[in-house]
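Subject: Structure for you to look at

Hello,

Here is the structure I promised to pass on.

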Amino acid sequence: MKPKTPWSPAAFLERHSYFILTLIFAGFSALPFYWAASLSIRNPAETFTVTGLAIPFLQYQPTLINWIEELAVGESQRALLNSTIIAVGTAVGVAVLGAPAAYALSRFSFRRPANKDFTIWFLSQRVLPPIVTVIPIFMMMQVFNLLDTRLALILVNITFNLPLVVVIMRQAFLDLPVELEEAAMVDGASYLDIFLKISLRLTMPSMAAAMLIATAFTWNEFLFALTLGSLDARTIPVHMAGAVDTRGIQFWFVGVRVLIAMGPPVILAMLVQRYIVRGLTFGALKG
Amino acid sequence: MKMLKTLGLLLGFSLVSSLAQAGEGLKWYSDGSVDLITYQDREVIHLSKDQLGTMFGKGKQPFKGKKIAITVNNSGPKGGISGPLYRLRPAWEELTGAKLEIVEMPLAEQLSKTMFDLRMGSNQYDGFIEGAWYMGEYVTPGYIIPIDDYIADPGFPQWDPDWFPPSLREIHQWDGKYYAVLNDSDGQVLYWRQDILGSKEWQTRYKRDTGKDMPHPPQTWQDVIDIAKYFDGKNWDDNDPDPDDGIVMHFRVNEQGMFHFMSLSASFVVMGGDTVDRGTNNYWFDPDTMEPLINQPGHVRALETLYELSQSGPAAQAAWDLGTAWDWFLRGKSIFVFSWGDVGSLVQDESRSKIKGKLGASVLPGSYEVYDMNKNRWVRMDKPNIAGNTTGGSWQGVISAKSKNPEVVYSLYALMATEPVSMWNVNRGWTGVDPGVQIHFLPPVGTASVMGYLKEDFHERDLFYYLDAYHKNFFADTMLPYLRINGTEEYWRALDQNLSETMIGRMTPQEALDSTYKEWQSITNRRGKARQLKQYQQSIGYRH
Amino acid sequence: MRRAARVKWIFILPASLWVLAFTVFPFFYGLYLSLFNVQFGVEDQFIGLGNYTRAFEDSRAHNSVIITLIFVFAGVSIQLVLGMLVALLVNRPMPFRSVLRALITLPLFATPIAVGFLFFTIFYEEGGLINGLLGVKIPWLSTPHFALLSVIIVDTWQWTPFCFLLFLAALQGIPEEYYEAAALETTNNWKIFWHVTLPFLQPTVILVILLRVTESVKVFDIPYTLTTGGPGVATQVLSMFAYRAGMRFFDFGYASAISFMVFIIVMIMIFSLFGRIRQSFAGSEREQR
């Protein structure tokens, strides 16, 4: 292969154009967060008077009163804690239950029901609009005495996100060539060993992506958090909806809450980053 | 530097106050009276022995060991309606020996969540600070209890239902019995920029440009339209260099837009009188057949008027929620706004308002022509027909029938309704509790002290306009009847959607109201016409 | 092989039993409820298929279907293409790559309820971020067509990272040798993409379409807070329609009926798409051990 030398004009331009495009898109992704920050450090009266890029000090005088007020109340912190606990519980649940199921669907053949049936059944769990299940799930939680508990929300979120993880990981396992696993089998390794030490490790990017997605869905889940929770199990989305009071939407608190709510996910996303991209080491394993 | 100093002060203050407020909610006097000390700000509200009720006294904690959970709007310890509960909690807990759990719920979801709880039998809450239109949903299945006996009981904190004007009394009762305790009183009045409309300079200019005298203060909606049209598009306010508007309204769909229509249309539709029948003191349905009256000529003309008026406002208002629309007025960009008491108190808050001291207000203007739904023709009056309204939430405490401690709940509501606490609430705008009953207004029509308001930084001239407007509104001879039957939310939302379509020009007023008529028929049929009819008759006091 | 038989069930049963336990009752109860006139205050009345026939005649329901279809079609198409493009970009070495990747993924975690409120101020027509910056007066939220566009924009902002993540993970799985081999024959990046990358990505593309469509049909939070379904009914997507019927008016029978109709339509789509995957990839599915 004749690699493009890093300093030839064509390569230089090409490489930079990718970078620039990525930069633009990242900016587009980040801009609303910048705006949220700006809302949060503005006086409520300036919510609508500051326009355009809202450059602090230039267009308005920043203030911390919204942050102080919000944090003094303690509701944000509580919602954050609840959401984090529910997200972690759900993540563990869907990983432990979902990865093996996905593996089974990709490596083994089922006859009654067939693989395809399982997969479609799992996928169909995401199709039914949740409003249908609000009453029956409320009833179930009432019977188990789990109303207004974090556990109830963990159970519900595992139920709804498990299918997602299964479907995503199934595809990842399908895309994984079997040669390594077959070699290990010949060497006498158990199914569990192969699954954990080879298959799962090689599909880490997809697993990380699936977990991130399941966690995001759980973090943002509104309907059940609203109906099942009231005081003890208030989550971030319900707390967000609460930014509307009898005088309208309090945009300055929305700004603060959006940023506070991003805390744990940002940390999580950063931790998981390195699992998503495994770079060029993949090729080495094949040799 | 200033920011750091403020930060330091705030942190220090909250630290000190959180340390200091441990345990101290009351201060007793030898004559049996007591000071209630509010949470955090540590303000003092003094109650006499009589006002406190015979159950309570130093050392007496009649409800020791009990716990109640109350649902309320999600405004936090410093916001409207929920704030006062937080402030009075330590005092009330020390008084009663009981514990109060304040369960905040997003405003739009409170009815859903509480009905869910009641219907499914999970009974997690003892009381609800409801919006007045919830009552139909709670009362008809027997989910809440009447409180006449509690009111009459001298053991509880004392408040007088006679303070209510008939319009407000009605929405705290159902079929003659009391279910809700005095708290907030909501209604829409007309606010304007008195510094502009009252200025000789602008009045002269108006006369010069239009050839007519400025109809100020406006007596009819047409007056409002004329003035709004004149000022729309001119830069009459020097807070910013951009042109300003004549009026601003909050039309965001599925929120409070339909209240604008209800309040405005009242004077075109409601004919006063001593009886109640299809065409007298009636608005919503035919009281014999439950046929919707929403597309009668009076309603249609009112919607046409509303639409014409809206053209003098910013086009963006079709999507504006309450706060966003008010912000436009508070920033000085609109001559008029017609909305709730919060506007008057927000105007006083200089961190939100640029127009303190420039406020004018009156009860909503009227219409010379009213459509008589008995005779099915337009009637022209000698004076404009003015109709007051109680549109809005009028957030009020009710008690769940499933509560194990109803008297404990009542004691909380009653404490909030005693004269000193009620005055403390209405004096302060941030509480969201607006004036409406006799004790809130100034003499000669009421018994309130003007100092109470002025001490909380209410501008004197604004205050006189504000209280006068609300007094005339709640005590008006003709009132818009408040719809509270089962399914009110559904009827209102159907109307709201069609109104929104009209405001963006997708439907004509006639089409919108005809469509609403059809939708209301299906809603009535689905819920059972006989049942709906009976409730409607009860709610308007119709005897046939 | 008995060992394989036992193992495969051990692997799949926990997940299957869990889902069964938590969804069978709700699914059938919901179906049962759809045959009733539910009111919350009086007894539910049995009305058979009444809710279903009502949906056929309800023009507001039809409106919601159309709005949702437009939203799903436009939104998913844009997100698919954009997500793929960005994944391809980020797949290359570049400075600050991990930071950029993190930034790109962020929107996925922003609570959609709050995002609606946030973008309300961004789209504020008398100023705001966009109109203020560009100096125009685009009626983002106060006119029907722009309101729908606004919702699509916000949805795209939030969900492109979803597609991006899945495509990036899939790209990581493409063995280097294929690129090396292709590079021997051509240096045209487009050709390499079309003949090497895309075929590998096809199952992921289908997966992303399936997942995005099923999620998109249920979109709720963003129209709920950004436009509240308006102006008028211009952004009243199906889930908002059902939410109003169920949670606001307690008409859960109708809400369930509408939801089941949606369910059937999407399931039909899934079945047909799924058949397509099996055909293309008969070879890559491992049948037996």
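**Chain C overall**

Of the 289 residues in chain C, 60% are buried. Keep in mind that this is a predicted model. Chain C holds 12 helices and two strands. Reading from the N terminus, the order is α-β-β-α-α-α-α-α-α-α-α-α-α-α. Its C-alpha trace spans about 75 × 70 × 30 Å along the principal axes. I also looked at contacts in chain C between residues at least 6 apart in sequence: 67% of them join residues at least 24 apart.

**A buried serine in chain C**

Go to helix H12 of chain C, residues 252-280, and find C:Ser256 there. Is C:Ser256 buried or exposed? Its relative accessibility is 1%, so C:Ser256 counts as buried; the cut-off for buried is under 20%. Leaving aside residues up to four places away in sequence, C:Ser256 touches C:Gly30, C:Leu33 and C:Ser34, and also A:Val132.

**H3 against H15 in chain B**

Two packed helices are described by the angle between their axes and the distance between the axes. In chain B, helix H3 (residues 82-96) packs on helix H15 (residues 406-417) at an angle of about 120 degrees. Their axes are 10 Å apart. H3(B) and H15(B) are therefore oblique to each other. The crossing of H3(B) and H15(B) is right-handed.

Which residues meet there? H3(B) brings B:Pro84, B:Leu85, B:Leu88, B:Trp92, B:Leu95 and B:Thr96. H15(B) brings B:Val408, B:Ser411, B:Leu412, B:Leu415 and B:Met416. Nine residues of this contact are nonpolar, two are polar and none is charged.

**Helix H21 of chain B**

Helix H21 of chain B covers residues 529-540, 12 residues in total. From first C-alpha to last it reaches 16 Å, close to the 16 Å expected at 1.5 Å a residue. The buried residues in H21(B) are B:Gln532, B:Leu533, B:Gln535, B:Tyr536, B:Gln537, B:Ser539 and B:Ile540. What covers them? The cover includes helix H7 (166-172), strand S7 (173-174), helix H19 (488-503) and helix H20 (509-527) of chain B. After H21(B) comes B:Gly541, with a positive phi near 75 degrees.

B:Ile81 is not a glycine, yet its phi is positive, about 70 degrees. B:Ile81 sits in the loop between strand S4 (67-73) and H3 of chain B. With a relative accessible area of 4%, B:Ile81 is buried.

B:Asp457 is also a residue other than glycine with a positive phi, here near 75 degrees. B:Asp457 lies in the loop between helix H17 (450-455) and helix H18 (460-474) of chain B. Its relative accessibility is 48%, so B:Asp457 counts as partly exposed.

**Cis peptide bonds**

B:Pro217 is in the loop between helix H9 (200-210) and helix H10 (221-231) of chain B. In chain C, a cis peptide bond joins C:Gly230 and C:Pro231, with omega about 0 degrees. C:Pro231 is in the loop between helix H10 (221-226) and helix H11 (238-248) of chain C.

Best wishes

Methods:
Residues are numbered from 1 along each chain as its sequence is written. Chains are lettered from A and ligands numbered from 1 in the order in which they are written. This is a predicted model: local features need pLDDT of at least 70, side-chain atom pairs count only at pLDDT 80 or more; totals for chains, interfaces and linings use all residues. Side-chain values use heavy atoms; hydrogens and water are left out. Helices (H or I, at least four residues) and strands (E, at least two) are DSSP runs, numbered from the N terminus. The expected span of a helix is 1.5 Å times one less than its number of residues. Buried means under 20% relative accessible area, exposed over 50%, partly exposed in between (1.4 Å probe, protein chains only). Contact means heavy atoms within 4.5 Å. Axes are lines fitted to C-alpha atoms, for helices over the stretch in contact, and angles run from 0 to 180 degrees between N-to-C directions. Angles under 35 degrees count as roughly parallel, over 145 as roughly antiparallel, 65 to 115 as roughly perpendicular and the rest as oblique. A crossing is left-handed if the near helix is turned anticlockwise from the far one by less than a right angle, and right-handed if clockwise. Ala, Val, Leu, Ile, Met, Phe, Trp, Tyr, Cys and Pro count as nonpolar, Asp, Glu, Lys and Arg as charged, and the others, Gly among them, as polar.
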